[in-house]
Each structure stands twice: as C-alpha cells, then as structure tokens.
Amino acid sequence: MNALGLRHLLGMRDLTRQQIDLLLDNARAMAAVNERRIKKVPSLRGLTIINLFLENSTRTRTSFEIAAKRLSADAVNITAGGSSVAKGETLLDTARNLEAMAVDCLVVRDGHSGAPHVLAEALKIPVVNAGDGVNEHPTQALLDLYTIREKRGSLDGLKIAIVGDIRHSRVARSNMWALRHYAAEVRLSGPATLMPPDLDAFGASYYPDLDEAIAEVDVIMMLRIQQERIKGANLPPLREYSNEYGLTAARLRRSAREDVIVMHPGPINRGVEMSPDAADGPWSLILDQVTAGVAVRMAVLHLLLGGGSLE
Ligand code: NCD
C-alpha cells in the first residue's frame, strides 16, 4: 500500500484529516516543482494514466493531463464524443477495455453519481474521481483547501460561506465533507430550492440572506447554477437570482471583512453568480485555485501510484 493508505481517490467523505493533510503537504512540494524552469520529475516514469472525461471540462481535464506529464507519466485523454460510449458501450465495458491495455490509473468524470465507485469495484487499477454527478469532486476540494491554507496559514476554525446552487454541487459536497475535520463554520446561502436536503449531515447552517451569510467570514465560495442538472421548475429566473445572490464589489465592501477571500471553482457565469468587479478584485483567489489544481493533482497521482523521485 502507498503512503496514503488508499487504493482509489473517490471522495473526501472517505478521507481522514491525516490523509488530507498529507495530500496538501505533498501538493506544496509539487508547487515548488511547478516553479522550476524544467517542470518535470521522474516520479511516475513509464506509467500510463487515462483521463476518461464523459462530461465537459476545461480546468480539471487539462490540469490532470499536465499533472501526469510533469510526473513523467504518459497521459491519454478520452472524451465522450470521441469514445465508444457514444456508440452505446457501457462505461464499465469501456473501462475494462482500457484496463486491458495495461494502463496504470484511470481518472474519470461522469454525469452519474457513483460511477467511479462502480469502476473502482470492478477494476484492479486505481481510480480517481474527477467529478461524479452531484456527488463528489475530491480534487477540487483539495485544491480549494490548499488555496485557503496557503493564504491563511491554517484551515482550523475557518468561517466559510458557500453560495449558490449547493444542491447540485459536487464541489460544495466535497468541501463540506473535508471541512468537518477542521471545526469549520459552514454557512450556505442561495434560494431555498437550491439547498441540499441533507444540510444537517454536514453541520452547515442556512442563511437565506446573502449579506448576513458573508458577514465576518474568512472565505466566500461562489458556485455556478448547474443548469444542466436542474429540472425546469427549480431553475430561478436569472435576473432575480443575481439581484439576491450575485456577489458584487459593492456588496463585498458593504458586508464582508476587508481581508475576505473570494473563490469560485469555475466556470464562472459572469453577471449571474458574480459580477466582473467581484471576480477580478483584490479579494479574488480564483486563478490561484487553478494554479493549485495542477500541484494538487500531481500530489494525488504521485501518492496513489507510489511515485518516486522529485529530482
Ligand atoms: C465544477 C464541476 O465540474 O463540478 N467545475 C470544475 O471542475 N472546476 C463546477 C461547475 O461545473 O460549476
């Protein structure tokens, strides 16, 4: 078994605080590699990693590919349109065929919650969840925690407001599972129809008023409305939504702490959940999150696959 004591990375729900801290510490070493002029280390030389992405992605897919390459692994990308899933093959059959090519790891994104868990049961190689339906997106939570920890020094006792479509957000879910280990105060804000039914399971509280939700918090995490996962009636009119729940620079100045951190996993719908002056203002760590994404995914692959030297 590797240093993490895990065969797969399926969700933050399964991780201990020690495992999360180990991943974040390792990501720090990877961030240092990413600052070198030659950003390539022999850690996973000779291994092949498949990125099987059956849902759209810019940041996650690209950063998994860059992460694998910086560790000297060979990365192969497969997307829905270009795969036999489009011809009616099941995900499991596709994955078994890929495994038969002697690959060493499967990174998978799929619209069905639980899909990577099914593959992990059936395959012998490690499976990494790159987002499954509304369930989890563990590497996003890790990069969010990493970004916050780098800025604040620690995650303990954090006050964080997560705003928007929490119900359909695997990003929110993964972050909330992880934050249980750090005695964080989690405030959820957004329309009641977009709150998760299992809010209490996370020890989170609901703030219908955004100004109250963001008062005194260390971090504000904004989310996109997952229109593709919402069935008709629950989709709020966007103009009304952005009046009530849109983050603007004026609102930040009025209601938030001066040193508040503003985050967003991307893709941003500018003018809906946040205005350009909020997304691009001095409080924004949105691009730092993207930078951290490469380091965190390097750490995940390196630790899961028992990687070697970083020199
Ligand atoms: C998120 C996702 O796909 O869950 N994006 C990402 O990975 N950075 C969030 C979203 O799509 O809104």
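Trainee: How many aromatic pairs does the count come to?
Mentor: The model is predicted, so side-chain atom pairs count only at pLDDT 80 or more. Rings pair if their centres lie within 6.5 Å. By this rule the count of aromatic pairs is two.

Trainee: What kind of aromatic pair do tyrosine 241 and tyrosine 245 form: stacked, edge-to-face or tilted?
Mentor: The ring centres of tyrosine 241 and tyrosine 245 are 5.9 Å apart, and there are 40° between the planes. Planes under 30 degrees apart count as stacked and those over 60 as edge-to-face, with the rest as tilted. The pair of tyrosine 241 and tyrosine 245 is therefore tilted.

Trainee: How far apart in the helix are tyrosine 241 and tyrosine 245?
Mentor: Both tyrosine 241 and tyrosine 245 lie in helix α8, residues 238–245. An α-helix has 3.6 residues a turn, so residues three or four places apart point the same way. Tyrosine 241 and tyrosine 245 are four residues apart, about one turn of the helix.

Trainee: Is tyrosine 241 buried or exposed?
Mentor: Tyrosine 241 touches residues such as Gly164, Pro191, Ile225 and Val272, and these are among its contacts beyond four places in sequence. Its relative accessible area is 2%. Buried means under 20%, so tyrosine 241 is buried.

Trainee: And tyrosine 245, buried or exposed?
Mentor: The cut-off for buried is again under 20% relative accessible area. Tyrosine 245 has a value of 6%, so tyrosine 245 is buried.

Trainee: Where is glutamate 212, and is it buried or exposed?
Mentor: Glutamate 212 is in helix α7, residues 210–214. Beyond four places in sequence, glutamate 212 touches Arg187 and Tyr207. Its relative accessible area is 52%, and exposed means over 50%, so glutamate 212 is exposed.

Trainee: Why is strand β6 described as largely enclosed?
Mentor: A residue counts as buried under 20% relative accessible area. β6 is largely enclosed by the rest of the structure because the number of its five residues that are buried is four.

Trainee: What is the handedness of the crossover from β5 to β6?
Mentor: Strand β5, residues 159–163, pairs with β6 in the parallel sense over five bridges. Between β5 and β6 the chain passes through helix α6, residues 170–179. This β-α-β crossover is right-handed.

Trainee: Which are the edge strands of the open sheet?
Mentor: Five strands form the open sheet, in the order β7-β6-β5-β8-β9, and the pairing is parallel. An edge strand here pairs on one side only. The edge strands are β7 and β9.

Trainee: Which residue in β8 stands opposite isoleucine 162?
Mentor: β5 pairs with strand β8, residues 219–222, in the parallel sense over four bridges. The bridge partner of isoleucine 162 in β6 is leucine 188. In β8, isoleucine 162 stands opposite methionine 221.

Trainee: Which residues have the most contacts inside the largest nonpolar core?
Mentor: In soluble globular proteins, nonpolar side chains tend to be buried together. The largest nonpolar core here has 68 residues, and α11 gives the most to this core, with 10 residues. The residues with the most contacts inside it are Ile162 and Leu301.

Trainee: How many residues has the second, separate core?
Mentor: This core includes Ile225, Leu247, Val260 and Ala279. Its number of residues is 24.

Trainee: How far does helix α2 reach from its first C-alpha to its last?
Mentor: Helix α2, residues 59–70, has 12 residues. At 1.5 Å a residue the expected span is 16 Å. The reach of α2 is close to that value, at 16 Å.

Trainee: What covers the buried residues of α2?
Mentor: The buried residues in α2 are Thr60, Ser63, Phe64, Glu65, Ala67 and Ala68. What covers them includes β1, β2, β3, β4, α5 and α11.

Note on methods:
Residues numbered from 1 in each chain as written. Predicted model: local features only at pLDDT ≥ 70, side-chain atom pairs only at ≥ 80, totals over all residues. Heavy atoms only, no water. Helix = DSSP H or I, 4+ residues; strand = E, 2+ residues; numbered from the N terminus. Buried < 20%, exposed > 50% of the residue type's maximum accessible area, 1.4 Å probe, protein only. Contact = heavy atoms within 4.5 Å. Pairing = 2+ DSSP bridges. Right-handed = clockwise from strand over helix to strand, strands pointing away. Expected span 1.5 Å × (residues − 1). Phe/Tyr/Trp six-rings, centres within 6.5 Å; stacked < 30°, edge-to-face > 60°. Core = buried A, V, L, I, M, F, W, Y, C linked by side-chain atoms within 4.5 Å.
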